[in-house]
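Here is a short briefing for a first look at this structure. Please keep the sequence and the 3D view at hand while reading.

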Amino acid sequence: MINKIKKRIKSFNANLPEKNLPQAAVLIALTNEKDPKILYTLRSNKLSSHSGEVSFPGGKYEEGDENLVDTALRESHEEIGLKRSEVNILGSLDSMVSRFNISVTPFVGIISKETKTNSDSEEIEVCFKVPLSFLLDDKRLRNDAVRRGNETFYVPAYSFKTYVIWGLTAMITVNFLNSALDAGIDLKNPAEILGEKE
């Protein structure tokens, strides 16, 4: 599975960030194993924005950053202690605009399954990993309707253990699954909800 992901992401032609908006970058860190896992964080309840939400490590571009890859790697180190040398960046996915009007560019990177992270940052409560096999099943807790222009998208919310993956983090996750693994997850129609009978 990792080899397929590497091939697809390296050849993926991502759309460019919205230049007239503030820039941010996140890291989709995948463990290098038979059933790869994606690394997520739970943000602290004490934060002024995105408090208590599941997110990818990452944040806003700062003046000292060479580029957006640098932003994603710097923020990942600050937030969860992930060293740059431990991440093999494959490439980027389509940039997306957050509800706060920030252009967010996701970068996909491979890490060893033994890579250590921490929750020492005041921004992060905990780090956790979700198997791709779980996400590919597309078993939704709910569908969140999001309007973009004239279109409505039904963004999944996934419940994993005590965590809920939703919003922009879920959209980026689905974009990754569709781009890297041809998951075919449809956001234009609401999907069946976990536990609902047809």
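The model is predicted. Its largest nonpolar core has 39 residues. Helix α4, residues 167–181, supplies the largest share of that core, eight residues.

**The nonpolar cores**

- Six members of the largest core touch the most other members: I5, I38, Y40, L132, L135 and F176.
- In soluble globular proteins, nonpolar side chains tend to be buried together.

**Helix α4**

- The 15 residues of α4 reach 21 Å from the first C-alpha to the last. That is close to the 21 Å expected at 1.5 Å a residue.
- Is α4 largely enclosed or largely open? Of its 15 residues, 13 are buried, so α4 is largely enclosed by the rest of the structure.

**Two loop residues with positive phi**

- N101 is not a glycine, yet its phi is positive, at about 60°.
- N101 sits in the loop between β6 (96–97) and β7 (103–111).
- The relative accessible area of N101 is 46%, so this residue is partly exposed.
- D138 is not a glycine either, and its phi is positive at about 55°.
- The loop that holds D138 runs between α3 (132–136) and β9 (142–148).
- Is D138 buried or exposed? D138 counts as buried because its relative accessibility is 17%, and the cut-off for buried is under 20%.

**L16, an exposed loop residue**

- L16 belongs to the loop between α1 (2–11) and β1 (23–31).
- L16 has a relative accessible area of 70%, so it is exposed. The cut-off for exposed is over 50%.
- How far apart are L16 and G167 in sequence and in space? They are 151 residues apart in sequence and 21 Å apart in space, C-alpha to C-alpha.

Methods: Residues numbered from 1 in each chain as written. Predicted model: local features only at pLDDT ≥ 70, side-chain atom pairs only at ≥ 80, totals over all residues. Heavy atoms only, no water. Helix = DSSP H or I, 4+ residues; strand = E, 2+ residues; numbered from the N terminus. Buried < 20%, exposed > 50% of the residue type's maximum accessible area, 1.4 Å probe, protein only. Core = buried A, V, L, I, M, F, W, Y, C linked by side-chain atoms within 4.5 Å. Expected span 1.5 Å × (residues − 1).
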